[in-house]
Amino acid sequence: MRTKHEIEHDFAERDLLDSYTKFFLVGIGGAGMSAIALVLKERGFEVSGTDSTASPATEDLLCKGIDVHIGHTGSGISEVVALVLTDAIDLNTSPEVARARELGVPLFRRSQLLGWLLKGRKVIAVTGTHGKTTTTGLLSCGLIEAGIDPFVVAGAAVPQFGGPIVAGKGEYAVIEACEAYDSIRDYDPYIVVLTNLELDHVDFHGSYENLRDAMTAFVSRIPDGGKLVYCLDDDGAREVADLCWVPKTGYTLEDWEGDLYLPGDHNRLNAAGALAAAYLVADRELAKKGIQGFRGAERRLQLLLAGDVDVIDDYAHTPAEVEASISALKQKYPDRRLVVVYQPHLYSRTNGQFEAFAKALSLADQVVITDIYPAREAPMAGVSSSRIAELTSKPTVYVPCRHLLPQTVAKSAKKGDVVCGMGAGNISEFAPAFIKELERTNRKQIKVAVIYGGESAEREVSLHSGRCVYEALVSKGYDAKLVDVSELLLSKGDVSLFVGPDRPDAAFLAIHGTRAEDGALQGLLEMLHIPYTGPGIQASSISINKALTKQILSQAGLRVPKGQLLSRHDEEVKINAPAIVKPNAQGSTVGLGYVEKDEDMSEAVRKAFQYDDAVLVEEWIQGIETSVPVLGDRPLLPVEIAPATGRYDFASKYVPGATEEIIPARVPEAVLKRLKEAALVAHQALGCEGATRTDIFICCDELIVLEVNTLPGMTKTSLLPNSAAAAGIPYEELVDWMTKDALKRYAQKT
């Protein structure tokens, strides 16, 4: 954004453009700059430029023979070009500006280039704080209908014009003359249409008086034969008119009579101003007919979707504009619920107007507000959208991250609602994204990403689990996709699969060990707002920590093995053999060591430290080993684990035939009941959700709980599926339940 010092000292005089035939436009993809680029090319000039990102506008320019580079590098600039900048380009950091200064190439503003292109025409400049774009469109349609054939430059694309510019050949030009950053100084007005004036663009003007003086200076440049057309209903416009010694004519809301396509009193007032200006140069009745036929500009109460939910996009970004737009929508849709999704624009504009914004927004039936669009401003202490949200008198939802707006609003949208995205920043992305989100809610298949692979020692098992889950989901009619999460993140670094309207409805976690059962993956999915199977972050991170799990289970009244947590290789071990040694935060069998003699302890500890930076040494429990799955709040049949070697290590767990699994465990019915109760207590004590599996030893009629597995194996021969099958739940039904449980829990939380 421009400063007064930059305008006075860093830009060349406009008339210097007379000596150039080649132009380099920085920010060429913007609506105003791309249109000017096409005008330059049409007039025979050589045009090139750059923009930070590719867009439909840059693609269109390329197709029409204009050289466009994506990314700001400083290349493509030579001594023979005029460098033209949008006001958003920072002179201190721009590579193009740095290169231009190195070569002695002069700098020009977009407004200077436009003013230069308009030389020789009688310029009708539409200016003011509000209504410029719409009034420009109304007036232009009126003059076109009256046969004036004006050259038109609007501040936004006009669908009727095919863009923001109409390259008319007549003697008149109609332009939107923005008062921001004093760009009006670069235009030579013949007629000025002043819609209104109130303090805005505080970062540049500082005070209303400064803005008023800049506008007065502009209006005072009207030459003989020209005229000021101003709104008598606005205090600021009247004040400027009183200060200027130029011919003038005023208009009021009552001066517009008849129908108008655009809704709202503010648009009828805009039409009155357009008609008053058109009457100076064209047939009144023809001009009025053209004005009545104007269908609006982009983002000016623009209807993007008419259906069960109407979706509208609007540019309003000051309290007065917000009030006018909402009032117009309430007039157009008097019996429908109006939901306004608003993004404040600039900290400087928001500061001190919290109550005014809240009052205006409260005219809607429901408000959704997101964080301030800063442009190039740094955050200001105490200036936050939340302060507006706190002051509204209607139901209000504060969504700090704008990317979550489409799905947040879609969840509460009802048939008959009118939803309007409003603001001057990148809130323009909301309405199109919301429409896609509405389409997403109507898709027939539930989309599930099966997360498998990972980076733990149980990766191979996870690959097998994932394929089994994938096949089950497909058989149940889901739209499933296998995703190796470590390959995705560490190789491609791309999470686009999980964002946007095509994102999965849920993630099925067929994955084990570190970065999977410890809450890391759950945290990523939480950030992406994707529902997932299994417990959440906290329960996962606690359960993977065997020492912490034992503390919590013990506090819940469950007997756990006595043990010692080691943080160093050389730490004294106080647990005597026979003992079990295992990494503190790994899968249940990874790095597991059975120590029969004390002299073997150090080697077992050394091996365990290869997998973790903390090692747990605990008493070796002898007895019947069981594992009890829990689905939600329902314990399943306990599984008796009988490894051929007597040790349930990695090989016994995963080598086919190495372990006999008996369902239900061969114990009395009363013991089965106690096992189920203990598993449910453990599941709930750790805050687990979804499906878990608790390992419990039966020793001398005592139950000793070892640990809780939050993401049990999901091969078709794994313990959880086998127990479910014995309870009458086939594998496909188990997978279906786990998926629906994830979706249900997420819906309840949001």
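A helix here is a DSSP run of H or I that is at least four residues long, numbered from the N terminus. I keep in mind that this is a predicted model.

**Entry one: Q407**

I looked up Q407 and found it in helix α16, which covers residues 405-412. Is Q407 buried or exposed? Buried means under 20% relative accessible area, so Q407, at 12% relative accessibility, counts as buried. I then set aside its neighbours within four places in sequence and listed what Q407 touches: E437, R503, H529 and Y746.

**Entry two: helix α9**

Next I turned to helix α9, residues 235-243, and noted its buried residues: G236, A237, V240 and A241. I looked down the axis of α9 and saw these buried residues fall within an arc of 135°, so they line one face of the helix. Which exposed residues sit on the face turned away from the buried side of α9? I found D235 and D242 there.

I also checked what the buried residues of α9 pack against: the strands β10 (189-194), β11 (227-231) and β12 (248-251), along with helix α8 (208-219). At the start of α9, I spotted a side-chain oxygen of D234 that comes within 3.1 Å of the backbone nitrogen of G236.

My last stop was I542, which lies in helix α21, residues 537-544. I read its relative accessibility as 15%, so I542 counts as buried. Leaving out neighbours within four places in sequence, I see I542 in contact with L548, T549, I552 and L686. I also looked at E517, 25 residues from I542 along the chain, and noted that their C-alpha atoms are 9.6 Å apart.

Methods: Residues are numbered from 1 along each chain as its sequence is written. This is a predicted model: local features need pLDDT of at least 70, side-chain atom pairs count only at pLDDT 80 or more; totals for chains, interfaces and linings use all residues. Side-chain values use heavy atoms; hydrogens and water are left out. Buried means under 20% relative accessible area, exposed over 50%, partly exposed in between (1.4 Å probe, protein chains only). Contact means heavy atoms within 4.5 Å. The arc is that of the directions from the helix axis to the C-beta atoms. A polar contact is a pair of N or O atoms within 3.5 Å; within protein, one must be able to donate a hydrogen and the other to accept it, and residues adjacent in sequence count only if both atoms are side-chain atoms.
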